[in-house]
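Good morning, and thank you for coming. Please look at the sequence and the model as I speak.

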Amino acid sequence: CNFPILGVKGDYSRDAEDFYEEVMDVHDRFGVKHFYIADETFNDSSSKIQKFAKVADKLPFTPYMTGHIRADLMVSRPQDWDDMIKLGINGHFYGIETFNHETGKAIGKGMLPERLQEGLLKIREYFLKHTGVYRGNISMIAGLPYETEDSLMSANKWLMEEWKGENFS
């Protein structure tokens, strides 16, 4: 990625009050309740999630939001799940790239694939249990270093058997 904010500490997201005003404006004028979060990684910090979850407390409706979510952070920080639910972030786009551990380490995604897969299933189960609504989209990349035909087939098998009802590409 060539995004200058990546790796920078601190919250560079928008102001919560400004966010509230925009959400209310498009809701009141056009009835919009579904939103796409234009943030490279919405869940990069728990404090940012909490900041926007507080906005949800003031909304007279429950939004449905979709955004780019780091799966490893979701798996590692279940304490964020309720705030994401409160905000209506029930649509998750995960850039998983691979379920091959050696490949993942080579591209900076070193969580054990088994832990990641188990966590993704727990996330889906939790969101469905508490909201009845969840959409998980997984993006994979073929041809990365150390990826083999066998590991690609294994990933595809897991997606076909375990990620039923969700999207992957």
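Predicted model: local features only at pLDDT ≥ 70, side-chain atom pairs only at ≥ 80, totals over all residues.

Pro63 is buried, with a relative accessible area of 4%; buried means under 20% relative accessible area, exposed over 50%, and partly exposed in between, with a 1.4 Å probe and protein chains only. Residues are numbered from 1 along each chain as its sequence is written, and side-chain values use heavy atoms, with hydrogens and water left out.

Where is Pro63 found? Pro63 lies in the loop between H2 and strand E2 (64–68). Helices (H or I, at least four residues) and strands (E, at least two) are DSSP runs, numbered from the N terminus. Leaving aside neighbours within four places in sequence, Pro63 is in contact with Lys33, Phe35, Leu87 and Gly88, where contact means heavy atoms within 4.5 Å. Pro63 and Gly88 are 25 residues apart along the chain, and their C-alpha atoms are separated by 5.2 Å.

Let us turn to helix H6. Helix H6 has 19 residues (113–131), which at 1.5 Å a residue should span 27 Å, and its end C-alpha atoms are 27 Å apart, which agrees. The expected span is 1.5 Å times one less than the number of residues.

Which residues of H6 are buried? They are Pro113, Leu116, Gln117, Gly119, Leu120, Ile123, Arg124 and Phe127. Seen down the axis of H6, the buried residues fall within an arc of 165°, so they line one face of the helix; the arc is that of the directions from the helix axis to the C-beta atoms. An α-helix has 3.6 residues a turn, so residues three or four places apart point the same way. The face of H6 turned away from its buried side carries the exposed residues Glu114, Glu125 and Lys129. The partners against which the buried residues of H6 pack include helix H3 (71–76), strand E3 (89–97) and helix H7 (149–162). Just after H6, Gly132 takes a positive phi of about 80°.

Phe127 also leads us to the aromatic rings. Phe127 and Tyr134 form a tilted aromatic pair, 5.9 Å centre to centre with 55° between the planes. Rings of Phe, Tyr and Trp (its six-membered ring) pair if their centres lie within 6.5 Å; planes under 30 degrees apart count as stacked, over 60 as edge-to-face and the rest as tilted. Both Phe127 and Tyr134 are buried.

Finally, the core. The largest nonpolar core has 40 residues, of which Tyr94, Ile96, Phe99, Leu120 and Ile138 touch the most other members. Such a core is a set of buried Ala, Val, Leu, Ile, Met, Phe, Trp, Tyr and Cys residues joined through side-chain atoms within 4.5 Å. Helix H1 (residues 16–30) gives the most to this core, with six residues.
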